[in-house]
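Please consult the sequence and the model alongside the text.

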Amino acid sequence: MKRLFLSLFVASASLITASAQSWSSSSAGENNVYFNQVDKNSVSTPDENGFIRRWSLLEPIDWPNRSNTVFTDSYLRETFGTKLTSKKQKPLVLPETPKDGQTTVVNDTLKLKWHLLESTGYNIQLYRFATQRELKKYGVIFMAITHVYAEDDMDVRISVGSNSASMWWLNGEEALILSGDRRMVVDDASAPVHLKKGDNKLVGYVINGPGMSNFCVRFFDTNNKPVKNLTIK
């Protein structure tokens, strides 16, 4: 199955590259409205291009870095896996489904709030999320959680772009890592994953020193078509 996904990815590389070049990394709604507050009982679906726009976002964690060049695979795994801790220095445990306004304690001292939001553009503008709330925007880590509901089991490919580095987990397993100093490019990196029938929890951490912060996520099927028959809760 992995060979099939690799073949499909290679065959469609030029198409994805052309598509990526046609996107702007600063997509936003009218009048600079980057997010809409959502009803916790409502559901969402991927947009016409398959992008997931509804997320629970944690207020940024202060994590000073003068440069984004330090974001190697090992640095990201160590930072996200062991250095971020909760009370009594245990590994950080995120809520299964964060409620809007719920708080999470990070590194014993930071009590940060979750915000349930839906982006007005295909990409999630983390920099704008921070600045609109007068929160720290440089030298930070953002956390994002969403729940993807599938009608049936399906083998797909997760496709991510992020500014700067990021790491992604699906149903508790590492799915994708985007390391280094990078700008957000649509479909910048991808990997084969399995969406099970029912609830699938998708978690992403985005880390940035100086500069903008944003990300975009979608899934592709085995025919390299964006997956849109999903429900986002």
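## Salt bridges

Eight salt bridges are counted, where a salt bridge is a side-chain nitrogen of Lys or Arg within 4 Å of a carboxyl oxygen of Asp or Glu. The model is a predicted one, in which local features need pLDDT of at least 70, side-chain atom pairs count only at pLDDT 80 or more, and totals for chains, interfaces and linings use all residues. Residues are numbered from 1 along each chain as its sequence is written, and side-chain values use heavy atoms, with hydrogens and water left out.

| Pair | Distance, N to O |
|---|---|
| Lys136 and Asp62 | 2.3 Å |
| Lys83 and Glu78 | 4.0 Å |
| Asp188 and Arg182 | 2.8 Å |

The salt bridge between Lys136 and Asp62 links distant parts of the chain, with Lys136 in the loop between helix H4 (126-132) and S6, and Asp62 in strand S2 (residues 54-62), 74 residues apart. Helices (H or I, at least four residues) and strands (E, at least two) are DSSP runs, numbered from the N terminus. Lys136 is partly exposed because its relative accessibility is 39%, and Asp62 is partly exposed as well, with a relative accessible area of 39%; here buried means under 20% relative accessible area, exposed over 50%, and partly exposed in between (1.4 Å probe, protein chains only). In the pair of Lys83 and Glu78, Lys83 is partly exposed at 39% relative accessibility, and Glu78 is partly exposed at 41%. Asp188, the partner of Arg182, counts as partly exposed at 31% relative accessibility.

## Nonpolar cores

A nonpolar core is a set of buried Ala, Val, Leu, Ile, Met, Phe, Trp, Tyr and Cys residues joined through side-chain atoms within 4.5 Å. The largest has 36 residues, and those with the most contacts inside it are Trp55, Leu57, Ile158, Trp168, Phe215 and Phe219. The largest share of this core, five residues, comes from S6. A second, separate core of 23 residues includes Leu84, Leu94, Met143 and Ile145.

Arg218 belongs to strand S12 (residues 214-220), and Arg218 counts as buried because its relative accessibility is 5%.

## Backbone sites

Most residues other than glycine have a negative phi, and most peptide bonds are trans. Asp187, which is not a glycine, has a positive phi of about 60°; Asp187 sits in the loop between strand S9 (173-178) and strand S10 (189-195) and is buried at 8% relative accessibility. Asn224, also not a glycine, has a positive phi of about 60°, and Asn224 lies in the loop between S12 and strand S13 (230-232), where its relative accessible area of 14% counts as buried. The peptide bond joining Asn163 and Ser164 is cis, with omega about 5°, and Ser164 is in the loop between S7 and strand S8 (165-170).

## An exposed loop residue

Which loop holds Glu151? Glu151 is found between strand S6 (140-150) and strand S7 (154-163), and Glu151 counts as exposed because its relative accessibility is 57%.
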